[in-house]
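Dear colleague,

Please find below the structure that I am handing over to you. My notes on it follow.

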Amino acid sequence: MTCGVPKTFDPGETLYHYGDQANGIYAVLDGSVQITAPADDGQELVLHQDGTGFWIGDLALFAEAQRLVSVVATQKTRTLFFPNSRVERMVQETPEYVRDFYALTRENMKTALRIMANLAVTGSEKRLVLRLLHLDEGASKSDGWIVVSQEELAELVAVSQPTLHRNLHRLADLGLVELAYGRLRLIDRRELIASCQS
């Protein structure tokens, strides 16, 4: 805790950009961040959204390399920032902490592999349900609501907005999700899981 520096970000404010030199690690205390990366055609694509308890920045820091993604706050977000120099000093004083940082890297790799596997699933509604279940686990929620716009969700699922709109409203008509402006919540998680297994 003595190593961390409290930093607050407003919605739309960038924690860091793709290509920036690594300067530290962020832990999300409250709020939500969106991770984007450029595709080969230069278009910036939304890869993931996560909230309280999410850590990011360790990969580039320990590789002494440039950032591979951009991280943007999607709502008022409180973080703890751990500058390079403080992390290096902490690891020099207690070398076994490297294992803990490596565990953080593994968690993010696990998330990345899960996202890739879910995006490879055929059927847009099934991909949507898998992403909603994933977001429900990690996204910052208020009274059970996942804060995400339909535009952002369409990018996360790699579908057009009309397709997303059609799939979301079908799930809502079935009583599996509840929709509101810029947010949604899962009503029947068990039935959503069952729909992916059929």
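**Findings**

Methionine 109 is part of helix H3, which covers residues 97-119. Please note that the model is predicted. With a relative accessible area of 48%, methionine 109 is partly exposed, because the limit for exposed is over 50% and that for buried is under 20%. Together with Leu113 and Met116, Met109 forms a nonpolar patch on the surface, and the accessible area of the three is about 320 Å².

I turn next to the aromatic rings. The whole structure was searched for aromatic pairs, and 5 were found. In one of them, phenylalanine 9 and tyrosine 26 have ring centres 5.9 Å apart and planes at 65°, so this pair is edge-to-face. Phenylalanine 9 belongs to strand S1 (residues 5-9) and tyrosine 26 to strand S3 (residues 24-30); the pair thus links distant parts of the chain, 17 residues apart. Phenylalanine 9 is buried at a relative accessible area of 6%, and tyrosine 26 is buried at 3%.

Tyrosine 26 also pairs with tyrosine 16 in a tilted arrangement, with 6.1 Å from centre to centre and 35° between the planes. Tyrosine 16 lies in strand S2 (residues 14-16) and tyrosine 26 in strand S3, so this pair ties together parts that are 10 residues apart in sequence. Tyrosine 16 is buried, with 6% relative accessibility. Through ring pairs, Phe9, Tyr16, Tyr26 and Phe81 are linked into a cluster.

Two arginines remain to be mentioned. The charged end of arginine 67 sits over the ring of tyrosine 16, at 3.8 Å from the ring centre. Arginine 183 lies over the face of tryptophan 145, 4.2 Å from the centre of the ring.

Yours sincerely

Note on methods:
Residues are numbered from 1 along each chain as its sequence is written. This is a predicted model: local features need pLDDT of at least 70, side-chain atom pairs count only at pLDDT 80 or more; totals for chains, interfaces and linings use all residues. Side-chain values use heavy atoms; hydrogens and water are left out. Patches are made of residues with over 30% relative accessible area and no salt bridge: like charges are joined within 9 Å, nonpolar side chains (Val, Leu, Ile, Met, Phe, Trp, Tyr) within 5 Å. Accessible areas come from the Shrake-Rupley method with a 1.4 Å probe; for residues, only the protein chains shown count as cover. A salt bridge is a side-chain nitrogen of Lys or Arg within 4 Å of a carboxyl oxygen of Asp or Glu. Helices (H or I, at least four residues) and strands (E, at least two) are DSSP runs, numbered from the N terminus. Buried means under 20% relative accessible area, exposed over 50%, partly exposed in between (1.4 Å probe, protein chains only). Rings of Phe, Tyr and Trp (its six-membered ring) pair if their centres lie within 6.5 Å; planes under 30 degrees apart count as stacked, over 60 as edge-to-face and the rest as tilted. A charge sits over a ring if NZ of Lys or CZ of Arg is within 6 Å of the ring centre and within 35 degrees of the ring normal.
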